[in-house]
Amino acid sequence: MGGDLLARAHALDTADPLAAFRDRFVLDEGLVYLDGNSLGRLPRATRDRLRHVVEVEWGEELIRGWDRWIELAREAGDLLATGVLRVRRGTVALADSTTVNLYKLAAAALDARPERRTIVTDDDNFPTDQYVLQGLAAARGIRLRTIASDLDAGVSLPAVREALDDDVALVCLSHVAYRSGAVADLVEITRAVHAAGALVLWDLSHSAGAVPVPLARAQADLAVGCTYKHLNGGPGAPAFLYVRADLQRELRQPIWGWFGQRDQFAMAGTYDPHDGIERFLVGTPPVLGGYAALEGIRITADAGIAAVAAKGRALTGYAIDLHDAWLAPHGFALASPRAATRRGAHVTLHHPRAGQICQALKAAKVIPDFRTPDRLRLGPAPLYTRFVDVYEGLHRLREIMTSGAYTQFPEARSRVT
Ligand SMILES: *Cc1c(COP(=O)(O)O)cnc(C)c1O
C-alpha cells in the first residue's frame, strides 16, 4: 500500500507541468513545509530585487527613487489584476493590510447604502473580518447579522439567501474558508446579494494565488486579500484591494489621506479624491514589502492560475488519500470538502489531540499549522511542493501517531499557531 502511494507521488511529480517553478524559491531540503497558506516561501527573485532596492534605489538614488516607487501600488495591482485575478487594469491596488482594506471598503459600502442598517457575515469568516465588521456596526449603531456556517463545509448559498432582506447594505464573506479551505459559491452568492440591492465584499486571502476567483464573471463589487500567503509576498507584505471599475467614483473610503488625492503633489488644502483605484490609497506605502509582493505575484502570473489551481487540487486530493489510508485509523477525520472543486489549496484534518500532534510534527521537521478548536491545517503550496513532500510529511505524521510521540507535548498551544 505505502509503496503504491509512493510510486504514485513519483509519477505525479514526473508529470507535473509546474515542477520547474520549485527552483525559483529558496529551499531547505529536509524540511517539509506545508504552511504556504500562512506564509509563502521566499522567491529567489525577491531576494535579488530587495537587495537591489536596498543597495541601489535606497542606497544611491535616495529620494529620487520615489519617481519609481510612486507607481508601485498600481504596478503590482495591475499585475495581480491581469495576471492572477483576471479583472481589468485599474481595479486593483496594493495597499495597507487586509484588515485595514476591509475596514476602508466596508465603510465605503455602508456609506453608499445609508438607508440600510444591516451587515451580513458568517461565523466561519476570519476573526479579523468579524472584528472589523463588529466595530463598524457598533460605531454606526447598525446591526451585524452573523450566519452560522458549518466549519467543514463553509458558507452556503441558501444560508446567505435566508439572511438577506431590504435592510442589508453589505455582505462580507471569505471566498475560501481559512479553516477548512471550503470554496464559497462566489458567483451565485454575489447574484443573490445584488438581487437584494446590497453590495458584496469578498475576502480573497486564501484564494488569491490558489484558485481562480470569478470576480469578473460575478461582477462582484469589492474584494481584499493578503499577498503573503499563496502569493509569496513575504511577512507583512502589503495587501490588495479590488473595486469594480464602475463603482469607484461612487464610493468614498473613510481615511482621507494624501495618496488618495487627485493631484497629490499639488499639496492642495482640501481633499478631492482621485477618480480611479488610487482613491482607495491612504499614505506612504511600505516600498520594500511592496516590491516583495510584486515579485511574488509575478511568479503566480507566470505559472498561470489554472495550472496552480489544478496542481493544488491534485496535491490536496493526494493528501486526502494518504489520510484515508494511514491517518483515519488513528482517529483523524477530514475537515475539508471531499469534492476537489469545493476545496482551495489547503486541506484540514480533525483530531482531538491536534494541538499536541502539531507540535510533534514541527519537531519532526514538518510544518503544518494548528487551527482552533482541534484541527491540523496542511497547505502544500503548488508552486514549490512536490507530491513526494506530501508523502514524506504525512508519513512522518503517521509515525508520530504509531509511536505516540505526540503525547510528550503540552496541551496548551503556543502564542502563534
Ligand atoms: C490571513 C487572513 C487575514 C489577515 O489579515 P491581516 O490584516 O493581514 O492580518 C484576513 N482575512 C483572512 C480571510 C485571512 O485568511
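**Entry 1: Met 267**

I started with Met 267, which sits in the loop between strand E8 (239-243) and helix H10 (287-303). I kept in mind from the start that this is a predicted model. What does phi look like at Met 267? I found a positive value of about 55°, although Met 267 is not a glycine.

**Entry 2: Lys 365**

Next I looked up Lys 365, in the loop between helix H12 (354-363) and strand E11 (366-367). Its phi is near 60°, a positive value in a residue other than glycine. I also noted that the relative accessible area of Lys 365 is 46%. That falls between the 20% and 50% limits, so Lys 365 is partly exposed.

**Entry 3: a cis peptide bond**

Which residues does the cis peptide bond join? I traced it to Thr 372 and Pro 373, with omega at about -5°. Pro 373 is in the loop between strand E12 (369-371) and strand E13 (375-378).

**Entry 4: around the ligand**

Now the ligand. I got 13 residues around it, and the ones that come nearest are Thr 99, Asp 203, His 206, Tyr 228 and Lys 229. I sorted the shell by class and wrote down 7 polar, 3 nonpolar and 3 charged residues. Helices turn up here too: H5 (98-112) and H6 (127-140) each supply at least two residues of the shell.

Then I went through some atom pairs:

- For Lys 229, an N or O atom in the side chain is 2.6 Å from an oxygen atom of the ligand.
- For Asp 203, I found a polar side-chain atom 2.7 Å from a nitrogen atom of the ligand.
- For Thr 98, the atom is a backbone N or O, and it lies 3.4 Å from an oxygen atom of the ligand.

How much of the ligand does the protein bury? Taken alone, the ligand exposes 390 Å², and the protein buries 85% of that.

**Entry 5: cavities**

I moved on to empty space inside the protein. Rolling a probe the size of a water molecule over the atoms shows where such space is left. How many cavities of 30 Å³ or more does a search of the whole structure find? It finds 3.

The largest cavity has a volume of about 70 Å³. It is lined by 13 residues, and the closest to its centre are Asp 122, Asp 124, Val 155, Ser 174 and Ala 177. By class I have 6 nonpolar, 4 polar and 3 charged residues in that lining.

The second largest cavity holds about 50 Å³ of space. I listed its lining as Leu 72, Ala 73, Leu 94, Pro 238, Pro 285, Pro 286 and Gly 290. Here the classes come out as 6 nonpolar, 1 polar and no charged residues.

Thr 118 is in strand E3 (residues 118-122). Is Thr 118 buried or exposed? Its relative accessible area is 0%, and anything under 20% counts as buried, so Thr 118 is buried. I then looked for a partner for its side chain and found a polar contact with the side chain of Asp 167, at 2.6 Å.

Arg 116 is in the loop between H5 and E3. I noted a relative accessible area of 14%, so Arg 116 counts as buried as well.

Met 401 lies in helix H13. With a relative accessible area of 8%, Met 401 is buried. How far apart are Met 401 and Arg 68 in space? I read 53 Å from C-alpha to C-alpha, for residues 333 apart in sequence.

Last, I followed the chain to Val 416, in the segment after helix H13 (387-403). Val 416 has a relative accessible area of 66%, so I put it down as exposed. The C-alpha atom of Val 416 is 9.4 Å from that of Phe 370, and the two residues are 46 apart along the chain.

Notes:
Residues numbered from 1 in each chain as written. Predicted model: local features only at pLDDT ≥ 70, side-chain atom pairs only at ≥ 80, totals over all residues. Heavy atoms only, no water. 1 Å grid on protein atoms, 1.4 Å probe; cavity = no way out; pocket = protein on both sides within 12 Å on 5 of 7 lines; lining within 4 Å. Points joined across faces, edges and corners; volume = space filled by probe spheres on them. Nonpolar A, V, L, I, M, F, W, Y, C, P; charged D, E, K, R; others polar. Near = heavy atom within 4 Å. Polar contact = N/O pair within 3.5 Å; in protein donor to acceptor, adjacent residues only side chain to side chain. Areas by Shrake-Rupley, 256 points an atom, 1.4 Å probe, with all protein chains shown as cover. Helix = DSSP H or I, 4+ residues; strand = E, 2+ residues; numbered from the N terminus. Buried < 20%, exposed > 50% of the residue type's maximum accessible area, 1.4 Å probe, protein only.
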